[in-house]
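Let's take a walk through this protein chain together, one region after another. Have the model open and follow along as we go.

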Amino acid sequence: MKLIVCEKDLAARRIADILSGGTNWEEKSHTIPIYKFSQSGEEFRILGLKGHILQVDYPEEYNNWWKVEPRELIFKQLVKVPINKNVINALKKAARDAHSAIIATDFDREGELIGMDAVGVIREVNPGLEIKRARYSAITRSEIQQTFQNLEEPYEHLAEAGRARQEIDLIWGAVLTRFISLTSTRLWDNFLSVGRVQSPTLVLLVQRELEIRDFKPTPYWQIKVRLKDGGEEFEAFHKTRRFLRKEEAEEVFARLGEEGLVTSIREVERKKAPPAPMNTTVLLSSAAKLGLSPASAMNIAEGLYMRGLISYPRVDNTVFPASIDIRGVLLTLKASPQFRKMAEELIASKRFVPTRGKKQSTDHPPIYPTDGASKEKLSPQEWKVYDLVTRHFLATLAEEALQMTMQVDIDISGEPFYISGSRIVREGWLRYLPYFKSADVILPQLKEGEKVQVLNKEILAKETQPPPRYTQGRLVEKMEELGLGTKSTRHSIIKSLYDRGYVVGNPLVPRETGIAVASTLIKHAQKISSPEMTAELEQDMDRIVEGLHQKDQVVGRSREMLDEIMEVMEKEREEIAADIRNGVREDEVVGKCRTCGKDLRIKRARKSRKRFVGCSGYPQCTEAYPLPQKGKIRSTDEVCPDCGTLRITVINKGRRPWKLCLDPECPTKKELVGSGRKSKRGEN
């Protein structure tokens, strides 16, 4: 019997259908589905894991936060702990009767680690079993059939890099989280999470927030005129776009007469090149512009991949290998009612050479559609991702777009004014990917030497603006730029910042707790707060994949780095505690009192110690509301349309977050928000 091990049940079921030609049958082993079929006299069994089957942890004796100093954990030995015993028992039972096994998990560090952990379990019951690796980038009939005819050896170095990440992130997260939480006495549900990648990402957001808070706007003035050319009216601005002295603007304004003269018209044709092929960063940042969080977009993309509709979505590559049959992909898309016409156009034009990006790797091709899908058979969110991937792929095959830009210069009483516009003269690739198409700005039909009438003029008082906060999509791009996290983890890191209560909204706004933690790290642990240290460890893990470093060497070096950091932090423990407590106190504010306008704060009753929301203007203002006694409370800045009170979010471990109006009598006080499910393939 030949055993095939996949990462998830959905992939196992689809691969079983492909290899068996749809003749497989399902049995349950320890509640886990096993897909069976026979081929050429040989029996096959295909089993899907549920992601990781083992996780690294500290031995049980180190789980008591009060008995073990955080720094002691740095050099302690780690152990592997089973996550799902039913999966492990089903895997062992199937492996006992097997003469060979094929690992068919996703081909990346984490997928290889999951596969090699499965190999370890298999060899506990069948030590001499032959192990092979099935490496694929799309779960399509042709690729799966070809892959299983050309099996490879397991990629041990790739798995070792995954193990190194697992151990490093556990050690750093456990040590720093315990130290910061114990030092600030923020324990149980209120513990403060600190992570190797999470923390420098939070610092990035906090530094931008502090820039915004410290920003002092500079006033400036603009001069705008409304003009008329025959029967058409339009606006123009003075070429001095910012007058820094109001008096100067007023002097120019006073000189303006009632007539202007068109002095020049300049037209420039600009080429807009098609986009490079899509990798994970482009997928997540583009999906964010369409209203999907990076975590949601990745979850949906993984589902589409397992159903054989798109290729593997965790990739850095932006260059299609020659092995990809571009014409074949277009023929496949003819099965999609929404994309049939576009695919036929590109086939007829024989445009089978996609653009090339700057990043090239050999693990997986860029993300592209692998089968034609119908909008009616996907959920709205699934279609949004599939549509984005498909349109982006088609755009890489299309011709350049052409945009005509025009600037008209107008002289009014010796003062220079201008108007500018643009229009698309050839859609090219923008026809396939209209998300990035800017609206045309059409100018009136003017001629040089023509006179125009001044209908109105005004001085606009403005101020310079602070730098913008990061959106989720822009943050993904910035993390890639700084080497924070990987293509497989960035979306989950951003999600964890929300889950920990460090940020709210999109663009991301750090809460006071997040600011307190980040500011403390900047002040007392500069290495943790900077992306350089994290990027350095990422490079070390890349060298494990290349066979240049050993896992234990990289993990050992990271332990030494952490030990140096902890030596400094222990000496400054009292100052760290004071800094965090002072900052976190601000997060007790849930909003403004509707009676007196002062802060509404989370308080505790003196005798019962029950928490409630009360006005900081007490005793003059007695506005107060009861609260649930369990779970974390998060402010939302929302006002209930029915009762007029603020809404908060209550987060209980293992349950979905829910919204609560402060007025206990409000009929709509409870409303589920979010799934509350934990990511199984994330990092802290």
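**A guided walk through the chain**

Of the 684 residues in the protein chain, 52% are buried; buried means under 20% relative accessible area, exposed means over 50%, and partly exposed is in between, with a 1.4 Å probe and protein chains only. Before going further, note that this is a predicted model: local features need pLDDT of at least 70, side-chain atom pairs count only at pLDDT 80 or more, and totals for chains, interfaces and linings use all residues. Residues are numbered from 1 along each chain as its sequence is written, and side-chain values use heavy atoms, with hydrogens and water left out.

The protein chain has 19 helices and 24 strands. Helices (H or I, at least four residues) and strands (E, at least two) are DSSP runs, numbered from the N terminus. Along the principal axes, the C-alpha atoms fill a box of roughly 95 × 80 × 55 Å. If you take contacts between residues at least 6 apart in sequence, 71% of them join residues at least 24 apart; contact here means heavy atoms within 4.5 Å.

Start with a pair of helices. The axes of α3 (residues 109–125) and α5 (residues 156–183) come within 7 Å and cross at roughly 100 degrees. Axes are lines fitted to C-alpha atoms, for helices over the stretch in contact, and angles run from 0 to 180 degrees between N-to-C directions. The two helices, α3 and α5, are therefore roughly perpendicular to each other (angles under 35 degrees count as roughly parallel, over 145 as roughly antiparallel, 65 to 115 as roughly perpendicular and the rest as oblique). On the α3 side, R109, E112, L113, M116 and D117 do the touching, and among their partners in α5 are E156, L158, R163 and Q166. By class, this contact of α3 with α5 has five nonpolar, two polar and six charged residues. For that tally, Ala, Val, Leu, Ile, Met, Phe, Trp, Tyr, Cys and Pro count as nonpolar, Asp, Glu, Lys and Arg as charged, and the others, Gly among them, as polar.

Also in helix α3 is R123, which is partly exposed at a relative accessible area of 38%. Setting aside neighbours within four places in sequence, R123 is in contact with L129 and I131.

Now for the aromatics. The structure holds nine aromatic pairs; rings of Phe, Tyr and Trp (its six-membered ring) pair if their centres lie within 6.5 Å, and planes under 30 degrees apart count as stacked, over 60 as edge-to-face and the rest as tilted. One of the pairs is F320 with Y368, edge-to-face at 5.8 Å centre to centre and 70 degrees between the planes. This pair links distant parts of the chain, 48 residues apart: F320 is in the loop between α9 (294–306) and α10 (326–333), and Y368 is in the loop between α11 (340–348) and α12 (380–395). W383 and Y386 sit in helix α12, three residues apart, about one turn of the helix. Ring pairs also link F320, Y368 and F393 into a cluster.

Where is helix α14 (residues 490–499), enclosed or open? Seven of its ten residues are buried, so α14 is largely enclosed by the rest of the structure. Those buried residues pack against α6 (198–214), α8 (280–289), α9, α13 (472–482) and β15 (503–504). Just after α14, G501 takes a positive phi of about 80 degrees.

Most residues other than glycine have a negative phi, and most peptide bonds are trans. T31 has a positive phi, near 75 degrees, and counts as exposed at 56% relative accessibility. The peptide bond from N506 to P507 is cis, with omega near 10 degrees, and another cis bond joins Y618 and P619.
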